[in-house]
2 protein chains.
Amino acid sequence: MRDFSADHSALALNTATLGHNVDGQGAGWSPEQVIDACADRGYGAIAFWRREIGSRAHKVGERTRAAGLEVCGLCRAPFLVGPLAPKPRSAVVDDFHASIDMAAELGAACLTICVGGVVAGSHSMRESLKLVAELVAEAAPRAAAGGLTLALEPLNPVYGGNRSCLVTTRDAVDMVEAIGHPAVTVAVDVYHVWWDLGLSEQLRRLGGHRIAGYHLCDWLADTTDVLLDRGMMGDGVADLKHIREAVEGAGYRGYCEVEIFSSNNWWKCDPNEVLDVCIERFKSVC
Amino acid sequence: MRDFSADHSALALNTATLGHNVDGQGAGWSPEQVIDACADRGYGAIAFWRREIGSRAHKVGERTRAAGLEVCGLCRAPFLVGPLAPKPRSAVVDDFHASIDMAAELGAACLTICVGGVVAGSHSMRESLKLVAELVAEAAPRAAAGGLTLALEPLNPVYGGNRSCLVTTRDAVDMVEAIGHPAVTVAVDVYHVWWDLGLSEQLRRLGGHRIAGYHLCDWLADTTDVLLDRGMMGDGVADLKHIREAVEGAGYRGYCEVEIFSSNNWWKCDPNEVLDVCIERFKSVC
């Protein structure tokens, strides 16, 4: 397992950790401010959100690389199915393609996909997952042409109804296998997989080359909100060392990307402090 | 698979569905009122909560059986580990034994166990589960002597931090196998397992004789609270027929017990109406 205690060049920031410009939340820093602050501190990469980029994808990507950082990801494709997906299906496809094109322009290594919840009336995760697989398979060549991968992110089962019918690493690996396109990968996020004692086994089946990213945060024992109350690494109950062991045991050697949604805590702090704490915790507990 | 469309004698009521006398919640019906209302409607069994029973366990059990119903369960043992468990550990053991004794007096078929969350500071589900297994193994002979089983209930992973470090059917089956005592079983609850596409495989490994109960409700796509916003069967996204197929495929032929925590909806309704709707939905969508 890699030793990060004296080297945090593998650390990446997901801008959500700073409140990512959600109305009235976070610092409201521009991408340029985030890039400079991360470069100053020796972060290795940044994952952005579409809302922050607008029509400046190429420029933001170049600016990031000029500062010595990589763009490790873009969040995210639209929900592909379920109650929160755009309607009709053609709108899903259009926005999916637009998000792939933006990621390509940005030079992002991957585009994250939260697939959306169970299709209304279907009462079936399996049927919903089939639809997801069709849409992802159709889009994979576009992603490959753009030089990125589509990172399927299994979400915590608590989101099964609305945000993701893909809720286990096992199901994500199954989908990657079924699609069988090199541009289809999996993102592993502590918040979503920390409870899964079968993680290591599933990631070995997947292989490190198909792990697009490893996302860090912690699960708070007394969490008050399953969307916006994620913990800083070390403040919760997740077994961070063992989870990274599982990810690296599969062969992953990429960035470890801090992604903390925390409307009542970290989003209220000075972003400079948040960035510093992330480094400190990365070195000591991850 | 059993056909319930014209026969609901396999239907059981968990009294939580009527608000189970939580302060200011539910109808406040006495156990006797619940028994009569269930008997009138042809329910097959009732699962009670300790708070409703007090020192009248034997009497309530006899009254239930005199009305032609069985006591399919008692909720529940104390949290055995984690932040919500009684302190010190001797208090856990004492209350665990007291709950087993009450279940025996009541003539309940099983005592439900929600094992409690990850042990503070351990950062390890595995270590926490080991402690649980020790406590359950120690108590198993007492349960056997009382004529009941200890029903390990894996809870939805959203509860991993505080209410249950046992979050998958797989882990529950592993624990039952490891303990290897006939009085240790598993309870399967739609709310906790609906998302698990590996359910059927795990339950076959367990075998129907070690399934202590099957709990019905539904997962609402737009759930507002992960504790008290369970849905009535048919109102959510769970694949109820397939889940029952998995349970019965393993050999289970016992009761299907409706357990709906719903502080803003069903607990505000007339309990008579709730009991009627449960029957209707049981026949039509379960």
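This is a conversation about a predicted model and how its two chains are arranged.

Reader: Let's start with the sheet in chain B; what do the strands β1 to β8 form, and with which pairing?

Author: In chain B the eight strands make a closed barrel with parallel pairing, running in the order β1-β2-β3-β4-β5-β6-β7-β8. Neighbouring strands of this sheet are turned by 30° against each other on average, if direction is ignored.

Reader: How many bridges join β2 and β3 of chain B?

Author: Strand β2 (residues 45-49) of chain B and strand β3 (residues 70-75) of chain B pair over five bridges, in the parallel sense.

Reader: Switching to chain A, at what angle do the axes of α4 and α5 cross?

Author: The axes of helix α4 (residues 89-106) of chain A and helix α5 (residues 125-145) of chain A cross at roughly 30° and come within 10 Å. Because angles under 35 degrees count as roughly parallel, α4(A) is therefore roughly parallel to α5(A). The crossing in which α4(A) passes α5(A) is right-handed.

Reader: Which residues meet there?

Author: From α4(A) come Val92(A), Phe96(A), His97(A) and Ile100(A), and these meet Leu135(A), Ala139(A), Arg142(A) and Ala143(A) in α5(A). Sorted by class, the contact of α4(A) with α5(A) has six nonpolar residues, one polar and one charged.

Reader: Now the two chains together: how many residues does the contact take from chain B and from chain A?

Author: The contact takes 29 residues from chain B and 29 residues from chain A. On the side of chain B that touches chain A, the elements giving two or more residues are α5 (125-145) and α6 (169-179) of chain B. By class, that side of chain B has 14 nonpolar, 10 polar and five charged residues.

Reader: What rotation superposes chain B on chain A?

Author: A rotation of 180°, with 0.0 Å of shift along its axis, superposes chain B on chain A with an RMSD of 0.0 Å. The two copies are thus related as by a two-fold rotation axis.

Reader: Which C-alpha in chain B is nearest the axis?

Author: In chain B that is the C-alpha of Val158(B), which lies 3.0 Å from the axis. The same surface serves both copies, since 100% of the contact residues of chain B recur in chain A.

Key
Residues numbered from 1 in each chain as written. Chains lettered and ligands numbered in written order. Predicted model: local features only at pLDDT ≥ 70, side-chain atom pairs only at ≥ 80, totals over all residues. Axes fitted to C-alpha atoms, helices over the stretch in contact; angles between N-to-C directions. Helix = DSSP H or I, 4+ residues; strand = E, 2+ residues; numbered from the N terminus. Parallel < 35°, antiparallel > 145°, perpendicular 65-115°, else oblique. Left-handed = near helix turned anticlockwise from the far one by under 90°. Contact = placed C-beta atoms within 7 Å. Nonpolar A, V, L, I, M, F, W, Y, C, P; charged D, E, K, R; others polar. Least-squares fit on C-alpha atoms with pLDDT ≥ 70 in both. Pairing = 2+ DSSP bridges.
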